[in-house]
Amino acid sequence: MKNFTSVHDVPQIDALVKKALAYKAAPFKDKNLGAGKRIGLLFLNPSMRTRLSTQIAAQNLGMEPIVFNVGQEGWALEFEDEAIMSGSTVEHVKDAAPIMGNYFDILAIRTFPSLKNRDDDYSELYIKQFIKYAGIPVVSLESATLHPLQSLTDIITINECLKASPLPAGKKPKIVLTWAPHVKPLPQCVANSFSQWVNAWGQADFVITHPEDYELDEQFTKGATITHDQNAALKDADFVYVKNWSTFRDYGKIYTNDPEWMLTNEKLAVTNNAKVMHCLPVRRNVELSDEILDGPNSIVIQEASNRVWAAQAVLSEILASL
Ligand code: CP
């Protein structure tokens, strides 16, 4: 694996999941694989889980992780080629990225979308410019449109649950991605990415439910059943993935914020005792109720804990290709 920015960088999802679960069983089995190697973790935006889990994953493989909070402590970067830098940006990625390419063996980057201009965000300029100019493998720690480490974790967690509580032979799990309310417009990254990975994994009946006007980009959702009827979508679900996102078509807006879309135990009653997932952080009693988060169906802590093994599997694949 050269870079890790989407599911398209993964030759075999099942093999990567297997590798991640092997690391969960024996975290230090490849503790010398990354000896003498450094990974730079660049954060243009906040993070808790991604930052910590990727550092732990790198250390488990013997790598030295160095975190740089570019968004808070670095020079404001310019990403447009041929920009006349007379505004607020101080350093061009064309100058910064090759230096980082010399400091590190792998570069990992978190950027968020502006949610102002859809074409700009969906061009993924930031990640693409780092790939172009760094000259070393680049890992997405969440980009403008996707969150592949989160989605790999989600597939790992679903596999883990299915192994612990198998469905009847031949039955595919029903996985439902449901929109949830939120107080501010959020990126579509997690929903896009989850859809992309579940579709590529191809081993589930996949349903997406959201209010009207919250359609996601079809390039990620194609293959899923899409409905505005949340209760119908939830029927017989084995996994319910809860996430807010802002509008894609009339970009970055909140249209409805109907609290009825928040998942409750009453809504969960029509599912097949579904496991409830969320990438976190979560706004309690806005996006997801306390009764769900604190109840027996929630697997959000297991899911977030698995972030280490997803990151470790990806870094291991990249290290093996250096
Ligand atoms: N799920 C996730 O990416 O969490 P952080 O934003 O805390 O990294």
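I started with glutamine 150: an N or O atom of its side chain is 3.0 Å from a nitrogen atom of the ligand. I count a polar contact as a pair of N or O atoms within 3.5 Å. The model is predicted; local features need pLDDT of at least 70, side-chain atom pairs count only at pLDDT 80 or more, and totals for chains, interfaces and linings use all residues. Numbering runs from 1 along each chain as its sequence is written, and side-chain values use heavy atoms, without hydrogens and water.

Next I checked threonine 50. One of its polar side-chain atoms lies 2.6 Å from a ligand oxygen. Leucine 280 uses its backbone: an N or O atom there is 2.9 Å from a ligand nitrogen. The protein covers 93% of the 250 Å² of accessible area that the ligand has on its own (Shrake-Rupley method, 1.4 Å probe).

Leucine 280 and proline 281 are joined by a cis peptide bond, with omega about 5°. Proline 281 is in the loop between strand 11 (275-277) and helix 12 (290-293). Helices (H or I, at least four residues) and strands (E, at least two) are DSSP runs, numbered from the N terminus. Aspartate 213 is not a glycine, yet has a positive phi of about 80°. I found aspartate 213 in the loop between strand 8 (205-209) and helix 9 (218-221).

Conventions
Polar contact = N/O pair within 3.5 Å; in protein donor to acceptor, adjacent residues only side chain to side chain.
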